[in-house]
Amino acid sequence: MTLQLHDTQTHETKPFEPVTPGHAGLYFCGPTVYSEPHLGHARGPIVFDVLRNWLEHLGYTVRLVSNITDVGHLTDDAEDGEDKLAKRAALERLEPMEIAEKYFWSYFDAMARLNVRRPSIVPRATGHIPEQIEWVQALIDAGMAYERSGSVYFDVSEFEDYGALSGRDPDQLLEGTRVEVRGEKDDPRDFALWKRAEPEHIMRWRSPWGEGFPGWHLECSVMSTKYLGDRFDIHGGGLDLVFPHHECELAQAHAVGKPFANTWLHWNMMTLDGEKMSKSKGHFVTLTDLFERYGPAVVRFHLLRSHYRSVSDFGEAAIESSKQGLTRLLDGWADAQAKANDAEPDTEVTAAHVAAFDAAMNDDLNTPQAIAALFDATRDLHRLGASLTPAQAAAFAAFYGSRLGGVLGVEALGHDAQDQASQERFDALADMVLAQREAARARRDFASADAIRDRLTELGLVIEDTPEGPRIRRQLGATTGTD
Ligand SMILES: [Zn+2]
């Protein structure tokens, strides 16, 4: 069975047929880097990380491109208002590029904690200004765009297929378009490809139409095709990007004769206790907050318990149940590993579960079904109990390792658990060393007691007297080589 994916444009679930055999070219719209990463930033990267893992598991060489918007995204999300980065820069009294840098790294730090691998290429809008100017010129040359006082607009009336992706008819396409303040567009549906920079605008570049900056929709058409080719496999984004952002991307590409994405994949939104997240309602959870409360692996696992096309709710009770579920799976994994004793896996015992997991993943990345296969395997593992052979244990360990750890990427909690385990081991060893030292002192063997203390000092550790007795702690500023 081959991988089937749901395509937003055709509303069909269709087999994945790569443009280049053996290769997969993926693009998804990354964040505008002007604030701390929040829950809404996590879903897309995790979905695409799992898609990438699964394609690699199936044997494809994957190139994943995801952009960073660092110019052109205006506060009203489309045509007007201030640049989001410039606004934030004024608030924080920083250069816009300092804002971009700061939130670029906080985004990728958060992604790393979620065990999301870095994309193959992370193009930035400001790094592709000449390419964007060229594209605007090509649209003008093709008669698909026009210039008005230093701004350039896409001429929707010249493009028959406008609305093809979102399925909107011309009247609906007017919804959400603002009353044109400058009144310079021929049609309110037309959208900006290039905007002239008003005198107070900081981020500006020279162009054939005067100083200005690119429109937000343009960068993704330009950067996806630059790195993946004029036709590529999968383009993704949040459902809220279908219109106007992706509709505009598609129009810009088709209007210059580029076939663009074969499949459009959109993930659904997230809610908090059933309510849509929004900054204004105070429903805005930063990833740092969530990591502190639940740990990043629980956040990742919880997101994967919903199908990417369903709403995922982050209610307290739901996350708690994910946490317990994940603990059950990880305990099963640890149990199987402990009993495997390096035996050759007896794969017969897990064959049905592996098949169920793989079928679920091939069915439009049905991660909740895939996770159900892991729970079924865990029940089987417990049912076997004492009769479990090392060979069977090895098969279970391999199943958890390749699918839960490898494909779903939920080994990060493994890291958290390992941190916990290594701290426990350290504490146990420390107790043992202290007992040796106390024993030496009790028999008045001060040379041995001092030797223990000196060796600890060399390792960057100090003995501290506390009301509960002596304990060993790491000396501040010292590294032991094991930190
Ligand atoms: Zn985009």
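Predicted model: local features only at pLDDT ≥ 70, side-chain atom pairs only at ≥ 80, totals over all residues.

Q: How many bridges join β7 to β8, and do the two run parallel or antiparallel?
A: The general idea comes first: strands of a sheet pair through backbone hydrogen bonds, either parallel or antiparallel. Here, β7 covers residues 191–196 and is joined to β8 by 3 bridges, with the two running antiparallel.

Q: What is the order of the strands in that open sheet?
A: Read it as β5-β6-β7-β8, 4 strands with antiparallel pairing. β5 (145–148) and β8 (212–214) are the edge strands, each pairing on one side only. From one strand to the next, the twist averages 20°.

Q: Which helix packs on the sheet?
A: That's α4, residues 129–141. Helix α4 touches β5, β6 (151–154), β7 and β8, and its direction makes about 105° with that of β5.

Q: How many residues sit between β1 and β2 in their hairpin?
A: There are 4 residues between them, and histidine 11 in the turn has a positive phi of about 60°. The strands themselves, β1 (residues 4–7) and β2 (residues 12–15), run antiparallel and are joined by 4 bridges.

Q: On to helices. What span should α11 have, going by its number of residues?
A: Take 1.5 Å a residue: the 12 residues of α11 (residues 351–362) should span 16 Å, and the end C-alpha atoms are 16 Å apart, so the two agree. After α11 comes aspartate 364, with a positive phi near 55°.

Q: Which residues of α11 are buried?
A: His353, Phe357 and Met361 are buried. Looking down the axis of α11, you'd find its buried residues within an arc of 70°, so they line one face of the helix. On the face turned away from that buried side, α11 carries the exposed residues Ala351 and Ala355.

Q: What covers the buried residues of α11?
A: The cover includes α1 (39–57), α12 (367–384) and α13 (390–407).

Q: Why does asparagine 53 count as partly exposed?
A: Count the C-beta neighbours inside 10 Å: asparagine 53 has 18, so it counts as partly exposed. A residue needs 20 or more to be buried.

Q: And how does sequence distance compare with distance in space for asparagine 53 and valine 349?
A: They are 296 residues apart in sequence and 25 Å apart in space, C-alpha to C-alpha.

Q: Now zoom out. What does the whole protein look like?
A: The secondary structure comes to 15 helices and 15 strands. The C-alpha atoms fill a box of roughly 95 × 55 × 40 Å along the principal axes. Of the 483 residues, 39% count as buried. Among contacts with a separation of 6 or more, 72% come from residues 24 or more positions apart.

Q: Which domains does the assignment give?
A: Domain 1 (4–267), domain 2 (275–410) and domain 3 (426–474). The centres of domain 1 and domain 3, taken over C-alpha atoms, are separated by 60 Å.

Notes. Residues numbered from 1 in each chain as written. Buried ≥ 20, exposed ≤ 12 C-beta atoms within 10 Å, placed from the backbone. Contact = placed C-beta atoms within 7 Å. Domains from an automatic or database assignment. Pairing = 2+ DSSP bridges. Axes fitted to C-alpha atoms, helices over the stretch in contact; angles between N-to-C directions. Expected span 1.5 Å × (residues − 1). Arc of directions from axis to C-beta.
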